[in-house]
Amino acid sequence: YTRGTVTAFSPFDARADAEALRKAMKGMGTDEETVLKILTCRNNAQRQEIASAFKTLFGRDLVDDLKSELTGKFETLMVSLMRPAYIFDAHALKHAIKGAGTNEEVLTEILASRTPAEVQNIKQVYLQEYEANLEDKITGETSGYFQRLLVVLLQANRDPDGGVDEGLVEQDAQVLFRAGELKWGTDEEKFITILGTRSVSHLRRVFDKYMTISGFQIEETIDRETSGDLEKLLLAVVKCIRSVPAYFAETLYYSMKGAGTDDDTLIRVMVSRSEIDLLDIRQEFRKNFAKSLHQMIQKDTSGDYRKALLLLCGGDDE
């Protein structure tokens, strides 16, 4: 069961696809249309089979060929589609913490939105692929309460969903109220512990209770009481507790809103959610931004890059 827009293509013939891709990239000029149609309409597992057939038939590496034949954002999108699903997040994190400057947005997006099981998997893959400990890498590049909340999330020990104890809900809501609105200065640690470790259903009730007690949404308090990377991470965690698809709808909206497009974010979210919940993200997008994701991509991008993104998007929610 999936709420993705991309599913297994049927009838699937890896060799025929490999041959079509070779033909599209051989000789002078590239037939981009064929490339994008094949790669956006196969799921990740099938793309891996195509790459394997490509190597078997031609002794060539499909990803290397895509890199040499394509350019710009379109190339980035096609190469991202070819990345094996299991390594996608680990790879994104590796690139977010390498070299000069850390991309805090990527750390925030991935660690706030992934399930504990997904985070455990990312840590294992990171160790296998890069022979490095993800937590060490992240703590080496971050600091303060931002670092501490990332470390809490990396433990992937959020309480499992179960029955909700109203007494504990009331208690957590009071603690947050006292740690923020009622205090001169903020007790960030309370926010980190509660938001980073309680179960999803428990926290949804805490947010309701918090509103009753304080008269504020928890987001408003975080906005007023914290700043910088910590604020962004706390807000992302709260939004993902409320609804992961709504969080990604907002992430996509802001990647395209205003002047210029944050293509890295647009590509990362479209590719990483295409087989998970992009249908739900589209629904939330339509509900919250009075236009469809399809319309916004249409307006904000161009060329083969746009064609490929629209195929991934999979439909227009008028």
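## A tour of salt bridges and a domain interface

Please select E284, a residue that is buried, with a relative accessible area of 17%. In this tour, buried means under 20% relative accessible area, exposed means over 50%, and partly exposed means in between, computed with a 1.4 Å probe on protein chains only. The structure is a predicted model, in which local features need pLDDT of at least 70 and side-chain atom pairs count only at pLDDT 80 or more, while totals for chains, interfaces and linings use all residues. Residues are numbered from 1 along each chain as its sequence is written, and side-chain values use heavy atoms, with hydrogens and water left out.

**Stop 1: helix α18**

A salt bridge is a side-chain nitrogen of Lys or Arg within 4 Å of a carboxyl oxygen of Asp or Glu. E284 and K287 are three residues apart in helix α18 (residues 278–289), so about one helical turn separates them. Helices here are DSSP runs (H or I, at least four residues), as are strands (E, at least two), and they are numbered from the N terminus. Is K287 buried or exposed? K287 is exposed, with a relative accessible area of 60%, whereas E284 is buried.

**Stop 2: the domains**

Colour the protein chain by its domain assignment, which gives domain 1 (14–85), domain 2 (87–155), domain 3 (166–242) and domain 4 (245–313). Such bounds come from an automatic or database domain assignment. Then show domain 2 and domain 4 together; their centres, taken over C-alpha atoms, are 24 Å apart. The contact between these two domains takes eight residues from domain 2 and 10 residues from domain 4, where contact means heavy atoms within 4.5 Å.

**Stop 3: the interface of domain 2 and domain 4**

The size of an interface is often given as the accessible area lost when the parts come together. Domain 2 and domain 4 bury about 730 Å² between them, with 56% of it on carbon and sulfur atoms. This buried area is the accessible area (1.4 Å probe) that two parts lose on being put together, summed over both. Which residues of domain 2 lose the most area to domain 4? They are F88, E109 and R114, which together account for 63% of what the domain 2 side buries.

The count of salt bridges between domain 2 and domain 4 is one. Select R268 and E109, whose side chains meet in a salt bridge at 2.7 Å, N to O. The side chains of R268 and E109 also make a polar contact (2.7 Å). A polar contact is a pair of N or O atoms within 3.5 Å; within protein, one must be able to donate a hydrogen and the other to accept it, and residues adjacent in sequence count only if both atoms are side-chain atoms.

R268 lies in helix α17 (residues 263–273) and is buried, with a relative accessible area of 10%. Leaving aside residues up to four places away in sequence, R268 touches F88, A92, V106 and E109.

**Stop 4: from helix α5 to helix α17**

Stay with helix α17 and select D263 together with K73. Their side chains meet in a salt bridge (3.9 Å, N to O). K73 lies in helix α5 and D263 in helix α17, so the pair ties together parts that are 190 residues apart in sequence. K73 is partly exposed, with a relative accessible area of 42%, whereas D263 counts as buried at 15%.

Move to G72, which is also placed in helix α5 (residues 72–82). G72 is partly exposed, with a relative accessible area of 45%. Draw a distance from the C-alpha atom of G72 to that of S272: 19 Å separate them, and the two residues are 200 residues apart along the chain.

**Stop 5: R224 and E181**

Select R224 and E181, whose side chains meet in a salt bridge at 2.6 Å, N to O. The pair links distant parts of the chain, 43 residues apart: R224 is in helix α14 (residues 218–225), and E181 is in the loop between α11 (166–179) and α12 (188–197). R224 is partly exposed, with a relative accessible area of 44%; E181 is partly exposed too, at 22%.

**Stop 6: a network**

Finally, select E33, K37, D304 and K307, which are linked in a network of salt bridges. How many salt bridges does the rule count? The count comes to 22 salt bridges.
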